Amino acid sequence: MKRAERDLSRFREIVRGRIKKDLRKYMSQGELIGRQGQRYVSIPMPQIDIPQFRYGAKQAGGVGQGDGDVGDPIAQGDGQQGAGQAGAEPGQHILEVDISIEELAQILGEELQLPNIQPKGKKNLISEKDKYSGIRRTGPNSLRHFKRTYREALRRQIASGEYDINNPLVVPIPEDMRYRSWKETLMPESNAVIIYMMDVSGSMGSEQKELVRMTAFWIETWLRSQYKSIEIRYIVHDAAAKEVDQQTFYHIREGGGTKISSAYKLCNRLIDERYPASEWNIYPFHFSDGDNWGGGDTRECVELLKRELLPKVNLFCYGQVRSLYGSGRFAHDLEEYLRGDDRIVIAEIADRDDIYDAIRAFLGKGR
């Protein structure tokens, strides 16, 4: 049994190494999200062969069995009609490996060298926890405290004169047994909210939304490993903004122009009404192709960020995706007007290969 456990552990280390090596590739594969379960995700691992025995049926015959004499040639089998020639290349063996979301987050953090997040302020929920904090004389063997039991037995033998320094054998008796005890304590648990905002104007197509969906998967994988509780809210906008559910967020088809300030105003109202900054770790992520309606709205966005949003959030992240019409100036304008403010992170996501670098930029500050 121990050998089987060692072999399984070694195999999982091989899997971890392969995932870390090819992490950029996995981060650009949208089908990985479709393999996600409640606590696990299935990752296709090519060219990892697991040796195994395959047994045939008894007395089923085969090469070297049946009628014939030593030295007779083996027939080539029945002739079959067919086209083409036998292939010369080996097939690719795909093995799907289930890995927990927690372990995937650990691999992500190790490979991208992400620092653990330090919760901001007093944003905590209070819950009851059982904490082993005392010693008692009765209890199950699974909670027996070896050191305290030994100490009681040693003290008793010394006090009674039974302890022999030349033969220091300490044998506990039932009166010496000590066990761990627990009590319920109130423990703070950090909680957070992710607020996704996405431009759904006419210039944002299905490919751009897929880039957002893939980026969001890795954002959530990491943040869920850092917080006990995560809530997620979704806002879409063109010239006006509205809150929607997850399904609508990724599949809605809108048209018209773009007014980014409408999303920032709704995000700010959502924070004030449901997620006060004194109680929550707040992470707004906005995705757009960067085309905004006139310079006046961009200036309004900058003022909303400076006066309202940035003082309330742990981090504000803007990802600019490239659409069929190219990319607008919004990312450039934010960098110009908010240069040096480490509460905002800006990343450009031109294609799937850029997701790796965007995630490292968004999550690399440890905020």
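Here are legends for a set of close-up views of one predicted protein model. Residues are numbered from 1 along each chain as its sequence is written, and side-chain values use heavy atoms, with hydrogens and water left out. Because the model is predicted, local features need pLDDT of at least 70 and side-chain atom pairs count only at pLDDT 80 or more, while totals for chains, interfaces and linings use all residues.

**View 1. The whole chain, before we zoom in.** The protein chain has 11 helices and 9 strands. Helices (H or I, at least four residues) and strands (E, at least two) are DSSP runs, numbered from the N terminus. Of the 367 residues, 41% are buried; buried means under 20% relative accessible area, exposed over 50%, and partly exposed in between (1.4 Å probe, protein chains only). Now take contacts, meaning heavy atoms within 4.5 Å: among those between residues at least 6 apart in sequence, 81% join residues at least 24 apart.

**View 2. A hole inside the protein.** Searching the whole structure turns up 1 cavity of 30 Å³ or more. A cavity here is a set of points, on a 1 Å grid over the protein atoms alone, where a 1.4 Å probe fits but cannot get out; lining residues have an atom within 4 Å of a point. Grid points are joined across faces, edges and corners, and the volume is the space filled by probe spheres set on the points. The largest cavity holds about 40 Å³ of space. Its lining includes I117, L223, Y283 and R367. Strand β7 (281-288) and helix α11 (355-363) are the elements that give two or more residues to that lining.

**View 3. Helix α11 and its buried side.** I355, Y356, A358, I359, F362 and L363 are the buried residues of α11. They sit on the same side of the helix, because they cover an arc of only 165 degrees around the axis. (The arc is that of the directions from the helix axis to the C-beta atoms.) An α-helix has 3.6 residues a turn, so residues three or four places apart point the same way. What covers the buried residues of α11? Among the covering elements are α2 (23-27), α4 (101-112), β7 and β8 (316-321).

**View 4. S288, tucked away in a strand.** You'll find S288 in strand β7, buried with a relative accessible area of 0%. Its side chain reaches the backbone nitrogen of G290 at 3.0 Å. Not counting residues up to four places away in sequence, S288 touches D199, M204, I260, Y318, G319, Q320 and V321.

**View 5. S201, buried in a loop.** S201 belongs to the loop between β4 (179-199) and α6, and counts as buried at 2% relative accessibility. The side chains of S201 and D199 make a polar contact at 2.8 Å. A polar contact is a pair of N or O atoms within 3.5 Å; within protein, one must be able to donate a hydrogen and the other to accept it, and residues adjacent in sequence count only if both atoms are side-chain atoms. Leaving aside neighbours within four places in sequence, S201 is in contact with residues including H237, D238 and E254.

View 6. C301 lies in α9 (residues 294-309) and is buried at 0% relative accessibility. C301 and K259 are 42 residues apart in sequence, but 9.4 Å apart in space, C-alpha to C-alpha. Q113, in the loop between α4 and β3 (124-136), is exposed at 70% relative accessibility. Q113 isn't a glycine, although its phi is positive, about 55 degrees.

How values were computed:
1 Å grid on protein atoms, 1.4 Å probe; cavity = no way out; pocket = protein on both sides within 12 Å on 5 of 7 lines; lining within 4 Å.
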